[in-house]
Amino acid sequence: MIEKGFKYTEIGVIPENWGVKAIGEILYFGSGKDYKHLSFGDYPVYGTGGVMTYVNGFLYDGESVGIGRKGTIDKPVLLDGKFWTVDTLFFTHSFKNVLPKFVYYKFLQIKWKDYNEASGVPSLNKNNLNKIKIAVPDLIEQTAIANALSDMDALIAQTSTLIEKKKAIKQGVMQELLKPKEGWVTKKLGEVLQYEQPTQYIVKSEKYSNHNNIPVLTAGKSFILGYTNETNGVFEDLPTIIFDDFTTASQFVDFRFKVKSSAMKILKPKIQGINMRFMFEVIQGIYYPVADHKKTYRDWE
């Protein structure tokens, strides 16, 4: 049974006072052009990866949403002011009862790769884009939604900036604290750390659930991939460091876990008295010139 205040539509359940519109009914897609005949100037030239250069001419002046025509087709960008776009980037204009910023957030929800029409380099066709249908409220609600999401973006940007500053501060502190001092000795990592292959700790099923208790880890940024209910083959010799030998990413771990694949090493102390948290910070400060999937741990020995 459908919840009160909502209705069934061809694109699913939406609020009762919203409508369904094809994108071609509410805006037009403009095509970018070559800019090489222009001189350097004040107006940005956008490609699918962002600003490429600045020129003395512009294609459009106002709020718009860019979406890749070819190459990167799934990264909408909010544009404003006078700008130029290259041939591989569409820009939107002539909006009809929709706010550009609201369109931008709707575009972020669209699975653009589902509309890819090329077997090689991903490509979008303007005619097909015009047929995509989206749910649209009135202008008052569009404004409220766009403002709320814009405020969240600003907060995320501020937080990200603060995090980067803290990282820079930590890096400076680390360099000072880890600088060799009188009484320190020099050792290869292979002299103080040993590794264990994670084969026996690999999870058998990837049906994860937050109701389970054992985390499944990767050494990359995602770190915890999910939680498993498998209780056999759980690593418990803690604390430890997991290290991806190809990407050189590492994580300090002080809780029981399983792993997703064998493409990592589990590092443990080779001699007594080694503080694994200290060793983790040392490893974080090492630059690894990785190439051709070289086995990094061989350089430690």
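In this predicted model, four strands form an open sheet in the order E6-E5-E10-E7, and the pairing within that sheet is mixed.

- Strand E7 pairs with strand E10 (residues 82-85) in the antiparallel sense, and two bridges connect them.
- Within this part of the sheet, Tyr60 stands opposite Phe83, a residue of E10.

**Overall dimensions and contacts**

- The radius of gyration of the protein chain is 26 Å, whereas a compact globule of 301 residues would have a value near 19 Å.
- The C-alpha trace spans about 70 × 60 × 40 Å along its principal axes.
- The accessible surface of the protein chain comes to about 18,400 Å², and carbon and sulfur atoms contribute 51% of that area.
- When contacts between residues at least 6 apart in sequence are considered, 64% of them join residues at least 24 apart.

**The largest nonpolar core and helix H2**

- The largest nonpolar core has 21 residues, among which Ile23, Phe29, Phe107 and Trp112 touch the most other members.
- At least two residues of this core come from each of helix H1 (23-26), strand E8 (64-68), helix H2 (100-109) and strand E12 (133-136), and H2 gives the most, with five residues.
- Beyond its neighbours within four places in sequence, Phe29 is in contact with Ile23, Ile67, Phe90, Phe91, Thr92, His93, Phe107, Lys126, Leu129 and Asn130.
- Helix H2 is largely enclosed by the rest of the structure, because seven of its 10 residues are buried.
- The buried residues of H2 are Pro100, Phe102, Val103, Tyr104, Tyr105, Lys106 and Phe107, and Phe107 is also one of the core residues that touch the most other members.

**Gln142 in helix H4**

- Gln142 belongs to helix H4 (residues 139-177), and this residue counts as buried because its relative accessibility is 0%.
- The side chain of Gln142 reaches the backbone oxygen of Asn97 at a distance of 3.1 Å.
- Apart from neighbours within four places in sequence, the residues in contact with Gln142 are Asn97, Val98, Leu99, Phe102, Val136 and Pro137; of these, Phe102 is among the buried residues of H2.

**Strand E16 and its two partners**

- Strand E16 (residues 240-243) is covered on both faces, with Thr240 and Ile242 buried on one side and Ile241 and Phe243 buried on the other.
- E16 runs antiparallel to strand E17 (residues 250-253), to which four bridges join it, and the bridge partner of Ile242 in E17 is Gln251.
- The hairpin of E16 and E17 has six residues between the strands, and Thr248 in this hairpin takes a positive phi near 65 degrees.
- E16 also pairs with strand E19 (residues 265-269), in the antiparallel sense and over three bridges, where Lys265 of E19 is the bridge partner of Phe243.

**Gln251 in strand E17**

- Gln251 lies in strand E17 and is buried, with a relative accessible area of 17%, which falls under the 20% cut-off for buried residues.
- The side chain of Gln251 reaches the backbone oxygen of Gly220 at 3.0 Å.
- Leaving aside neighbours within four places in sequence, Gln251 is in contact with Thr218, Ala219, Gly220, Lys221, Phe223, Thr240, Ile241, Ile242 and Phe280.
- From C-alpha to C-alpha, Gln251 and Pro44 are 40 Å apart in space, and they are 207 residues apart in sequence.

**Helix H6 and what covers it**

- In helix H6 (residues 276-284), the buried residues include Met276, Met279, Phe280, Glu281 and Ile283, and Phe280 is one of the residues in contact with Gln251.
- The cover over the buried residues of H6 includes H4, helix H5 (189-192), strand E13 (193-196), E16, E17 and E19.
- At the start of H6, a side-chain oxygen of Asn275 reaches to within 2.9 Å of the backbone nitrogen of Arg277.

Definitions and conventions. Residues numbered from 1 in each chain as written. Predicted model: local features only at pLDDT ≥ 70, side-chain atom pairs only at ≥ 80, totals over all residues. Heavy atoms only, no water. Buried < 20%, exposed > 50% of the residue type's maximum accessible area, 1.4 Å probe, protein only. Polar contact = N/O pair within 3.5 Å; in protein donor to acceptor, adjacent residues only side chain to side chain. Contact = heavy atoms within 4.5 Å. Pairing = 2+ DSSP bridges. Rg over C-alpha atoms; globule rule 2.2 N^0.38 Å. Areas by Shrake-Rupley, 256 points an atom, 1.4 Å probe, with all protein chains shown as cover. Core = buried A, V, L, I, M, F, W, Y, C linked by side-chain atoms within 4.5 Å.
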